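Please read these notes beside the sequence and the 3D view. They go point by point.

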Amino acid sequence: LSKARGEFIKFLFDDDFMLPSSVETLVNACNASGAAFAAHRRYMIDGLGQDIAFKELFDDDIVYFDQHLLFNIMVNVGVNWIGEPSNVLFRSAALAACDQPFRQLGGCQINYNTDMACYLNITGEGRHGVCLNTKHSCFRIHQSQNTKTTNYGGVAFAEFDVMRRVGAQKGAITKEDFFVGIEMQKKCYADQLDSYPQFGPLLLLLETVSYDEPLPIAFTLEKNKRRPRAGSPRHATRPATDG
């Protein structure tokens with residue numbers, strides 16, 4: 001990223017397809033709206049490239065959003081409706097204005113939901129994004145991808161908890177909506193408890209969560225206890241601050 005000299009940054013990940021219309025569509029969307037980044041929809045395909053039926057969250061032709069909307073209608077409900085970086089184009093200057101846009105959010109380290117962290121960071125400071133309803137890329141889902149293997153470790157589930165708390169700390173999520181999201185998080189932890197028993201302490205902490213202090217010491221300490229297996233240092237999830 002530091003060596004890129006163009007006005008825009010475009011990602012394409014190894015399992016995904018970018019259709020010929022993708023870049024032109026996204027550049028035009030950024031230029032027409034002045035957005036910090038633009039996204040389009042994508043086809044969901046399996047390991048053989050066959051189309052998978054998928055219901056989008058929005059039916060609008062164009063969705064304009066800021067950080068406040070993303071905290072409420074992405075993080076709090078636990079749905080990444082923008083999708084993966086393969087269907088996103090970033091304005092280079094906006095990305096450069098963010099400190100560690102993929103790995104940090106509100107002082108907390110993010111390891112798996114890095115695309116969502118970036119979307120939230122890049123829409124800070126008054127910047128906005130735009131999402132088009134037309135499909136110009138393909139996202140491949142298969143059993144050997146990282147989120148389908150034991151490498152996943154449940155970290156992404158816990159990171160929704162982290163991001164929701166950051167949203168509350170910023171005042172982007174109202175108290176009422178925050179606790180609606182907390183109930184969703186409780187169910188998420190409970191449903192995954194057999195696979196990830198380390199969620200037990202985090203689930204208990206939700207019983208005493210405070211909107212006025214959404215990121216308490218007890219929460220960050222429980223996160224610090226979750227150490228990676230030998231040889232897998234990148235799977236740790238720790239806050240960036242001393243707390």
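1. Glycine 78 is partly exposed, at a relative accessible area of 35%. Buried means under 20% relative accessible area, exposed over 50%, and partly exposed in between (1.4 Å probe, protein chains only). Glycine 78 and glutamate 159 stand 81 residues apart in sequence, and their C-alpha atoms are 10.0 Å apart in space.

2. A word on the basis. This is a predicted model, in which local features need pLDDT of at least 70 and side-chain atom pairs count only at pLDDT 80 or more, while totals for chains, interfaces and linings use all residues. Residues are numbered from 1 along each chain as its sequence is written, and side-chain values use heavy atoms, with hydrogens and water left out.

3. Now the overall picture. The protein chain has 8 helices and 9 strands. Of its 243 residues, 51% count as buried. Take the contacts (heavy atoms within 4.5 Å) between residues at least 6 apart in sequence: 74% of them join residues at least 24 apart.

4. Next, helix α2, residues 67-75. At its start, a side-chain oxygen of aspartate 66 comes to within 3.3 Å of the backbone nitrogen of histidine 68. The buried residues in α2 are Gln67, Leu70, Phe71, Asn72, Met74 and Val75. Their cover includes β5 (62-65), β7 (104-105), α4, α5 and α6 (175-192).

5. How do α2 and α5 pack? Helix α5 spans residues 155-169; the angle between the two is about 145°, and their axes are 10 Å apart. Axes are lines fitted to C-alpha atoms, for helices over the stretch in contact, and angles run from 0 to 180 degrees between N-to-C directions. The crossing of α2 and α5 is left-handed. That term applies if the near helix is turned anticlockwise from the far one by less than a right angle; clockwise is right-handed.

6. Which residues make that contact? From α2 come Phe71, Met74 and Val75; from α5 come Phe160, Met163, Arg164, Val166 and Gly167. They divide into 6 nonpolar, 1 polar and 1 charged. Here Ala, Val, Leu, Ile, Met, Phe, Trp, Tyr, Cys and Pro count as nonpolar, Asp, Glu, Lys and Arg as charged, and the others, Gly among them, as polar.

7. The aromatic rings deserve a look. A search of the whole structure gives 15 aromatic pairs. Rings of Phe, Tyr and Trp (its six-membered ring) pair if their centres lie within 6.5 Å; planes under 30 degrees apart count as stacked, over 60 as edge-to-face and the rest as tilted. Phenylalanine 11 and phenylalanine 90 have ring centres 5.9 Å apart and planes at 85°, so this pair is edge-to-face. Phenylalanine 11 lies in the loop between β1 (8-10) and β2 (17-18), and phenylalanine 90 in strand β6 (residues 88-91), so the pair ties together parts 79 residues apart in sequence. Phenylalanine 90 is buried, at 0% relative accessibility.

8. Phenylalanine 37 and tyrosine 119 are another pair. Their ring centres are 5.3 Å apart and their planes at 15°, so the pair is stacked. It links distant parts of the chain: phenylalanine 37 is in strand β3 (residues 37-45), tyrosine 119 in helix α4 (residues 114-122), 82 residues apart. Phenylalanine 37 is buried at 0% relative accessibility. Tyrosine 119 is also buried, at 0%. One aromatic cluster is formed by Phe11, Phe13, Phe37, Phe65, Trp81, Phe90, Phe102 and Tyr119.

9. Turn to strand β9, residues 129-140, where histidine 136 is found. Is histidine 136 buried or exposed? Histidine 136 is buried, with a relative accessible area of 12%. Its side chain has a polar contact of 2.6 Å with that of serine 21. A polar contact is a pair of N or O atoms within 3.5 Å; within protein, one must be able to donate a hydrogen and the other to accept it, and residues adjacent in sequence count only if both atoms are side-chain atoms.

10. Threonine 134 is also in strand β9. Threonine 134 is partly exposed, at 42% relative accessibility. Its side chain makes a polar contact of 2.9 Å with the side chain of histidine 136.

How values were computed
Helix = DSSP H or I, 4+ residues; strand = E, 2+ residues; numbered from the N terminus.
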